[in-house]
Amino acid sequence: MARRRHKKRTHIGASNGPSNEVPANSSAIRGPKTMVIRMGAGEVGSSVSQLVRDVRSMMEPGTASRLKERKSNKLRDYTTMAGPLGISHLLLFSRPSTGNTNLRLALFPRGPTLHFRVERYSLCKDVRKALRHPKGGGKEYLSPPLLVMNNFVSPEGENQSKPSVPRHLETLSTTIFQSLFPPISPQSTPLSSIRRVLLLDRQMPKSPAMADNTDPSPYVINLRHYAIVTKPTGLSRGVRRINAAERMLKVRASRKGMPNLGSLEDVADYILDPSAAGGGFTSGSESEIDADAEVEVMDVNHRKVLSKKQAEAARNSEGDGQHRGTGTQKRAVKIVELGPRMTLRMTKVEEGVCGGKIMWHEYLSKSEEEMQEMERLWETRKREKAERKRVQKENVDKKRNARDSAGEAADGVREGALDEDDNDDSEVWDDQISETEQDPRPRR
């Protein structure tokens, strides 16, 4: 008899089974997750739709990259599913009838929400066309980018006038942008996992007078997205080309990219002769790299596993000074833009998720009396909402109790009918028994 199969991959007790899964609401364990949404899927246009896809790739890996929207979907549909999925941030792109592209960055589930107007943007395909050597999509999107923020808090000075945006709102926006990606620990985060950079630069007004007259916008952010590229230093261009071609041969069998050494007698001619196949030290810019762009990283070369005798001999040689390996190598760091580019202009800050009290507005300013009146209005709305919820709960409870009582009454009537049927059956059975006792002859 065949042995019964025990499922160990998706059932209780498995490594990824129900007993070991992480709860979705555990904010201390899970990292930030975003959902990039285009509101009014068929009305925003092809350019904004492509911008949404580019922003999703930028927010990888902690985002819903395959989200499919419908024209009939509302904000409530997404907020209902955001809780079970463990979503922490919502990025909502929309384009109203005025033609402006808007972005709302909401912190789920309690808010607040930052409203931006996308003044200018460039798609990833436009950025790649503008570059001479664009960077293709590879392993860069397997880890979150490094977030770099600049000028998010206005400097304090004697000649500075009162900022248009309150300082506590500047700190709030800084905290919201920092929470988009998981924090990085310098002691535990490996450098090889940092492959991208997300730069957020706030445009500061040159002077208070210019900020009041020529540039009324108090909060404008420039967004740029780059890939980090590293190359070993101290090697000539020819050697670097050979190393690159060797790595390409490991991936695919084609010899495209390998330098042609057929006309040379020795490989040294290719390395030392500047005119040989376009290699060698042709200029100072190709052989020497600025010291500011050099970093020292741990050597990632695979090491051979040594036996006890070999390890003891290696330690003795290091103690004698014969062999000393630093374990580090110098690499040149370069960034290549991936896209997209966006210029965001903050217009409003409100409490809650896209619906609440206005904390700050770019174009509207209120006095103290108006602020107090708005506070009273919101308190009244909260009390009315709480009263409506209480009445609805009471009505639901009444209907449930009435339904339960009606069901119990129906069950009682049904049980009474069954008891009567049982009594009738017992009477018929008694009559049959009495007839049998009176006439004991067997029937044919």
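1. In this predicted model, P340 sits in the loop that connects β9 (328–337) with β10 (341–350). The bond that links G339 to P340 is a cis peptide bond, with omega about 5°. A cis peptide bond also runs from G111 to P112, where omega is near 5°. P112 belongs to the loop between β3 (101–107) and β4 (113–122).

2. N151 has a phi near 60° and is placed in the loop between β5 (146–150) and α4 (167–178). C354 shows a positive phi of about 55°, and its loop joins β10 to β11 (358–361). With a relative accessibility of 36%, N151 is partly exposed, whereas C354, at 18%, is buried.

3. The largest nonpolar core has 33 residues, and V55, F93, F116 and F177 touch the most other members. At least two residues of this core come from each of α1, β2 (89–94), β3, β4, α4, β6, β7 (220–232) and β10. The largest share, 5 residues, is supplied by α1. In general terms, nonpolar side chains tend to be buried together in soluble globular proteins.

4. Beyond its neighbours within four places in sequence, F116 contacts N102, L103, L105, F177, I221, L344, R345, M346 and T347. There is also a second, separate core of 13 residues, with Y78, A106, F108 and C354 among them.

5. What does a search of the whole structure find in the way of cavities of 30 Å³ or more? The search returns 1 such cavity. The volume of the largest cavity is about 130 Å³. It is lined by 14 residues, of which L91, L103, F177, L180 and L223 are the closest to its centre. The elements α1 (46–58), β3, β6 (196–203) and β10 each give at least two residues to this lining. By class, the lining holds 14 nonpolar residues, with no polar and no charged ones. F177, one of the residues closest to the cavity centre, is also among the residues that touch the most other members of the largest nonpolar core.

6. Side chains of opposite charge can pair when their charged atoms come close. The count of salt bridges in the model is 15. One of them joins R341 to E337, with the closest N and O atoms 2.6 Å apart. R341 is partly exposed at 32% relative accessibility, while E337 is buried at 10%.

7. A further salt bridge pairs E387 with R390, and their closest N and O atoms are 2.3 Å apart. Both residues lie in helix α10 (residues 368–438), where they are 3 residues apart, about one turn of the helix. E387 is partly exposed, at 37% relative accessibility, and R390 is likewise partly exposed, at 39%.

8. Which residues are linked in a network of salt bridges? The network consists of R117, E119, R345 and E362. Within it, R117 pairs with E119, and the closest N and O atoms lie 3.8 Å apart. R117 is partly exposed, with 22% relative accessibility, and E119 is partly exposed, with 32%. R345, a member of this network, is also in contact with F116.

Key
Residues numbered from 1 in each chain as written. Predicted model: local features only at pLDDT ≥ 70, side-chain atom pairs only at ≥ 80, totals over all residues. Heavy atoms only, no water. Helix = DSSP H or I, 4+ residues; strand = E, 2+ residues; numbered from the N terminus. Buried < 20%, exposed > 50% of the residue type's maximum accessible area, 1.4 Å probe, protein only. 1 Å grid on protein atoms, 1.4 Å probe; cavity = no way out; pocket = protein on both sides within 12 Å on 5 of 7 lines; lining within 4 Å. Points joined across faces, edges and corners; volume = space filled by probe spheres on them. Nonpolar A, V, L, I, M, F, W, Y, C, P; charged D, E, K, R; others polar. Core = buried A, V, L, I, M, F, W, Y, C linked by side-chain atoms within 4.5 Å. Contact = heavy atoms within 4.5 Å. Salt bridge = Lys/Arg side-chain N within 4 Å of Asp/Glu carboxyl O.
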